[in-house]
Amino acid sequence: MKKYLLLSAVALFSAGMIFAQSSLADPDPTIIGNDSAEQSLRTVLVDDFEREGSWVVNMSLDAGVISSRLLPGGPMGKEDERELLQGEEDIGEKNHCFGVKAEFFRRGINSIYIRPVRPIALEGVTKTVSVWIAGRNAEHSITLLVQDYFGNAFELYMGTLAFSGWRKVTVAVPPSPDGVHGIVQSSAYHGDKPGLKITGFRIDCNPATAIGNYYVYFDAMHAITDVYDIEHRDADDIADTW
């Protein structure tokens, strides 16, 4: 009996380890919302954080002072992503990142917003969004802010910033179950336009550690989108945009 219980415990522990390892893996874009036999997945560069003034930051005025700037440097790992762009993007020389500095007045419940000057529209059906972040091992959390096809705002939790150095953080975009509820990225009833817009990030600060100066850096944001419908549209087809 003891031997049986021991074997059962080992089996449960092994299963738990397998689940934990699989849950830590990046989401698989090939199976997210895949209800069709045909897909055409493409990795696109959403933003390389190389243009001064293209992102703005803000936080509550009574929480502290916030500033941002482009800085030389970036993750070495982003060089491996150049081949994924399939030569469709003008990647050029990418040697800057976007730095954010928050100077807290006191401990408290604070949020930091990092937004593009204009929402960034993504064509096709977006499966995943990833960005390189240096979180400075802080117990803060980061959320991706998006708008769907109808302009509805959604938040996608990306995880904690409690890690050292650069890390590629990826979040899956959950598909709409019926084309009406959730994040809707396409509709046959309302014309043809990009299905998802990136409206920024929100960092929710841990009140216990939101003190002094906090630095966080962003670089190389990519998305994996399904552009099958766009690529297979006939050249003489009429765009439903009038």
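Reader: Is Ala220 buried or exposed in this model?
Author: The model is a predicted one. Ala220 is found in strand β12, which spans residues 213–226. Its relative accessibility is 6%, and the cut-off for a buried residue is under 20%. Ala220 therefore counts as buried.

Reader: Near what value is the phi of Ala220?
Author: Ala220 is a residue other than glycine, yet its phi is positive. The value is near 50 degrees.

Reader: How many residues apart in sequence are the parts tied together by Lys78 and Asp219?
Author: Lys78 and Asp219 form a salt bridge, with the closest N and O atoms 2.8 Å apart. Lys78 lies in the loop between β3 (64–72) and β4 (96–104), whereas Asp219 lies in strand β12, so the pair ties together parts whose separation is 141 residues.

Reader: In the salt bridge of Glu155 and Arg202, which residue counts as buried?
Author: The side chains of Glu155 and Arg202 meet at 2.8 Å, N to O. Glu155 has 51% relative accessibility and therefore counts as exposed. At 12% relative accessibility, the residue that counts as buried is Arg202.

Definitions and conventions
Residues are numbered from 1 along each chain as its sequence is written. This is a predicted model: local features need pLDDT of at least 70, side-chain atom pairs count only at pLDDT 80 or more; totals for chains, interfaces and linings use all residues. Side-chain values use heavy atoms; hydrogens and water are left out. Helices (H or I, at least four residues) and strands (E, at least two) are DSSP runs, numbered from the N terminus. Buried means under 20% relative accessible area, exposed over 50%, partly exposed in between (1.4 Å probe, protein chains only). A salt bridge is a side-chain nitrogen of Lys or Arg within 4 Å of a carboxyl oxygen of Asp or Glu.
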